[in-house]
Amino acid sequence: MKERKEINRNRAKGMLWGLIVGDCLGDVLQFGPAREEGHFVTEMEAGGPFNTPAGYWTDDGSMALCIVDSYNNMGGTYSLADIAETFHLWYRDGYLSSLDHSFDVGCSTAQSIMRYAAQKTLVNGNEHSAGNGSIMRYAPSYLIGLSENDITGVTLGVSSITHGNCPTVEDTVMRLNYVVSDGLVGERTTDYGKYVRRLRNGKLHLADREDVTNRGFCIDTLDSALWAFHKTKTFEDALVQAINNGNDSDSVGAVCGQIAGAYYGYDAIPRRWVEAVKDWEEIDAMFEKFLDLVFGKIEAANAKED
């Protein structure tokens, strides 16, 4: 992992907002076929399987906001139990949902949250719960891990609330840790995922769009997001490529948004996309408070070391 003192706030905020705009952009295409070039979705649109208005986030954004909200309410203290309780509030009451109820909840996530509610267990799931629920909501966990000087422990801990005991998910979270650690210090990750071919002269060649599968399986989601990131040279283009492959487009958009946001930074995210998100000013205030707490702890730790 890169040294935490090298991380800048703009890239960290890019991770958070990248997740939200990627989720909102991809919602309208969710569970549908890939769009042909020339008919791409490039703006927030209403519709999709849940008939949401434009700029509404799904479970990806809600669970990420739950992690942020917990950390803010705890005054910058990492509490896995409080994060799990906030997930339960969302699932049961629609807390921090863009609608008045939770929706688009994956089976493993729903079962794990119900188990937590009944038994207060912080490790839920099994070896077969290899969906993308851990990586779609990932950015706040990484940043908390940065402030705690324990990126691995925090990201795997928050993952395990719903996707514990699954080595495939753990490996995917660890891959994303390294991808983001590169991006946050301005380095383009060398992880291309499976959608890459190596030519005889040693050069890399990305697969064609029709070969990319935006499935909800955690490895496929990360690899699809990496394909879109490596195919493009801007945050906007990366997100457009990611979501227009359809299927689990909101989660691939959220993951690509986190990767691209870490590398390009918040300032590279189109302002029109941010301001199209429901309650964007309230969300931005939540993120600013969260980053104040995260970077306050990082700065205090760095001062102690000097």
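**Close-ups of salt bridges and the nonpolar core**

Glu-148 is partly exposed, at a relative accessible area of 30% (partly exposed sits between buried, under 20% relative accessible area, and exposed, over 50%, with a 1.4 Å probe and protein chains only). This is a predicted model, where local features need pLDDT of at least 70 and side-chain atom pairs count only at pLDDT 80 or more, while totals for chains, interfaces and linings use all residues. Residues are numbered from 1 along each chain as its sequence is written, and side-chain values use heavy atoms, leaving out hydrogens and water.

**View 1. Glu-148 pairs up with Lys-297.** Their side chains form a salt bridge, 2.5 Å from N to O (a salt bridge being a side-chain nitrogen of Lys or Arg within 4 Å of a carboxyl oxygen of Asp or Glu). Glu-148 belongs to helix α6 (residues 139-148) and Lys-297 to helix α13 (residues 280-305), so the contact ties together parts 149 residues apart in sequence. Helices here are DSSP runs (H or I, at least four residues), as are strands (E, at least two), numbered from the N terminus. Lys-297 is also partly exposed, with a relative accessible area of 30%.

**View 2. Glu-43 meets Arg-272.** The closest N and O atoms in this salt bridge are 2.9 Å apart. Glu-43 lies in the loop between α1 (9-27) and α2 (59-73), and Arg-272 is in helix α12 (residues 271-276), so the pair ties together parts that are 229 residues apart in sequence. Glu-43 counts as partly exposed at 31% relative accessibility, and Arg-272 is partly exposed at 40%.

**View 3. Five residues share one salt-bridge network.** Arg-9, Lys-13, Asp-284, Glu-288 and Asp-292 are joined through salt bridges with shared partners. The structure holds 14 salt bridges.

**View 4. Val-277 sits in the largest nonpolar core.** This core has 91 residues, and Trp-17, Leu-143 and Val-277 have the most contacts inside it (a nonpolar core is a set of buried Ala, Val, Leu, Ile, Met, Phe, Trp, Tyr and Cys residues joined through side-chain atoms within 4.5 Å). Leaving aside residues up to four places away in sequence, Val-277 touches Trp-17, Ile-20, Val-21, Cys-24, Met-44, Gly-55, Trp-57 and Ile-283 (contact means heavy atoms within 4.5 Å).
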